[in-house]
Amino acid sequence: MLNKRNFVLLAFLSSLFVYTSCIESNKTLGSQFIPDDFVLKLHNAEFEIPVTNSAIDSVQGYNTSYMTFGYLNDETFGYTSGGFATNITPFTDSTYLGINPELKSVYLYMTIDSTSILREDQRGIPQNIYIYKLKTDLDTLEMFNKSITADDYYPTPISVGTPVFFGDDSIKVYLSEEFGRELLATSTAEYDSTALFIERMKGLYFATDTPELNSGEGRMNYVTIGSSSIYVKYLLTDPQRGFYRKDTTEVFALGYSHSINTTQTSSRTLANEDISEKMYIQSFDGVKPHIKASDLKDILNAWISQNGFTKESLVIARAALEFPFEFDYDHYTDYSNIFPQQIYPCVFSNDQSDYLEFLSPLKEIYTNSSIGMINRSLNNYTCEITNYIQDMLRDDNVTSDQDLYICPIISYETQSSSSYMYSYYYSYSSGSTYYGMDNQNYRHGVLNGSDHSTKRPKLLITYSLVK
């Protein structure tokens, strides 16, 4: 039984709960005293936009992460093939190779990071490999996927025989004796100075053959920069150290700082200047959805005129492009393995020179929340472009330099914000992630076009009006 003291305490606590639950929160209290001019009201508008399929002449081949080689043939997107060029550098400094070093053998060893295939039965197919010595300085080449031609390397391969790669996790290729002796001619000064060494040894160009393929055949291979080496086995003679024809191995790094990947596609046949039911998107220099800046400007101008707005009174709170696609349940794995995992509008940029023009994402990719990640539940991509649209409202002189090309995007985590600042070909964040147009991974997909029967590409705008 409750004693009198406990009963009084229980009654007091119960009263607190009763009175507390009766307090109402009125968030409109005092709102009648705020003039309507001080209340920003949000409105929504959406517009269907004309998007065409555009062919790209060339894209940046410069890459600081992967060296790519191989080939694939897709039923829709056609043939893709690629190779790469990269530097060789000594691993050590202040090395002395002795008196008249005698070459025993020289070979290249590469670790394969990953591969891309369209069919599982292509994972172990044989691919012929050819390795050539560069005769042009790698850093003086225009660093695009079509920059390297037959004039930039010697015509005779330095690879012995015709090496064949079966898609394993590594590959070992023996190189010519002549090339081995060139490496053994490295002076002490060249060991001390990478620049001096590269002046004499320009680097290597790595290619495969391009056989005729049926649909779905082929394989692309990816080698991490910094994971491959050239081994020179020789007999060292150095009387001062007491060495007479001593078995020795000298190691050189393949892939000093970057590679130029020469991957090219044949999907330009899908380009179409008219709107259509489907839009095609592919990495590398493949076909890209294209939105003319002038078309967007015309849409915005018509909207402003029809509603009696002025561009000075419009404040864009959010603007986004939405790209729907049809999910094919018979090929559901493609949406993880082949479909772009992120897309975003890119523009052609340049470094104030006449020839270094490249595709890079709008810089607001670093400040927006919706940056084109694939949404498998809604079957679409959403790309926020608020700053771009706000600027376009104010700009009376829209040019083709502001045209948008919808590209597959790659992102990297870096240890510091300056890790990749020497590259011309990427956009940079102020933190640890940077984004670039995907010139590295094999990706393609089909999106709904502007002539689709139901779901079409749209521009979505949330805005306010100020006086």
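Guide: Here is a tour of helix H5, with a few stops around it. Keep in mind that this is a predicted model. For a bit of setting, the protein has 467 residues, 50% of which count as buried, and its secondary structure comes to seven helices and 26 strands. Among contacts between residues at least 6 apart in sequence, 80% join residues at least 24 apart.

Now to the helix. H5 is made of 15 residues, and from its first C-alpha to its last it reaches 21 Å, close to the 21 Å expected at 1.5 Å a residue. Which of its residues are buried? They are Ala 293, Leu 296, Lys 297, Ile 299, Leu 300, Trp 303 and Ile 304. These sit on the same side of H5, because they cover an arc of only 160 degrees around the axis.

What does the buried side of H5 pack against? Its partners are helix H7 and the strands E1, E17, E18, E23 and E26. Much of this can be read together with the largest nonpolar core, which has 51 residues. Helix H5 (residues 293–307) gives the most to this core, namely six residues. Trp 303, Leu 459 and Ile 461 are the residues with the most contacts inside the core. As a rule, nonpolar side chains in soluble globular proteins tend to be buried together.

Ile 461 makes a handy stop. Leaving aside neighbours within four places in sequence, its contacts include Leu 300 and Trp 303, along with His 43, Phe 47, Ile 316 and Ile 389. Apart from this core lies another one, of 32 residues, with Phe 69, Ile 88, Ile 158 and Ile 171 among them.

Let's cross over to H7. Its buried residues are Thr 386, Tyr 388, Ile 389, Gln 390, Met 392 and Leu 393. They pack against H5, and also against E18, E22, E23 and E26.

The loop between H7 and E23 holds Val 398, which leads us back to our helix. Setting aside neighbours within four places in sequence, Val 398 is in contact with Ala 293, Ser 294, Lys 297 and Met 392. Val 398 and Asp 295 are 103 residues apart in sequence, yet 9.8 Å apart in space, C-alpha to C-alpha. Val 398 has 22% relative accessibility, so it counts as partly exposed.

Two loop residues are worth a glance as well. Most residues other than glycine have a negative phi. Phe 284, in the loop between E16 and E17, has a positive phi near 60 degrees. At 2% relative accessibility, Phe 284 counts as buried. Asn 379, in the loop between E21 and E22, also isn't a glycine, and its phi is positive at about 55 degrees. Asn 379 is buried too, with a relative accessible area of 18%.

One last stop is the largest pocket, which holds about 710 Å³ of space. It is lined by 24 residues, and Thr 76, Asp 328, His 331, Asp 334 and His 444 lie nearest its centre. Strand E25 provides the largest share of that lining, five residues.

Note on methods:
Residues are numbered from 1 along each chain as its sequence is written. This is a predicted model: local features need pLDDT of at least 70, side-chain atom pairs count only at pLDDT 80 or more; totals for chains, interfaces and linings use all residues. Side-chain values use heavy atoms; hydrogens and water are left out. A nonpolar core is a set of buried Ala, Val, Leu, Ile, Met, Phe, Trp, Tyr and Cys residues joined through side-chain atoms within 4.5 Å. Buried means under 20% relative accessible area, exposed over 50%, partly exposed in between (1.4 Å probe, protein chains only). Helices (H or I, at least four residues) and strands (E, at least two) are DSSP runs, numbered from the N terminus. Contact means heavy atoms within 4.5 Å. The expected span of a helix is 1.5 Å times one less than its number of residues. The arc is that of the directions from the helix axis to the C-beta atoms. On a 1 Å grid over the protein atoms alone, a cavity is a set of points where a 1.4 Å probe fits but cannot get out, and a pocket is an open set with protein on both sides within 12 Å along at least five of seven lines; lining residues have an atom within 4 Å of a point. Grid points are joined across faces, edges and corners, and a volume is the space filled by probe spheres set on the points.
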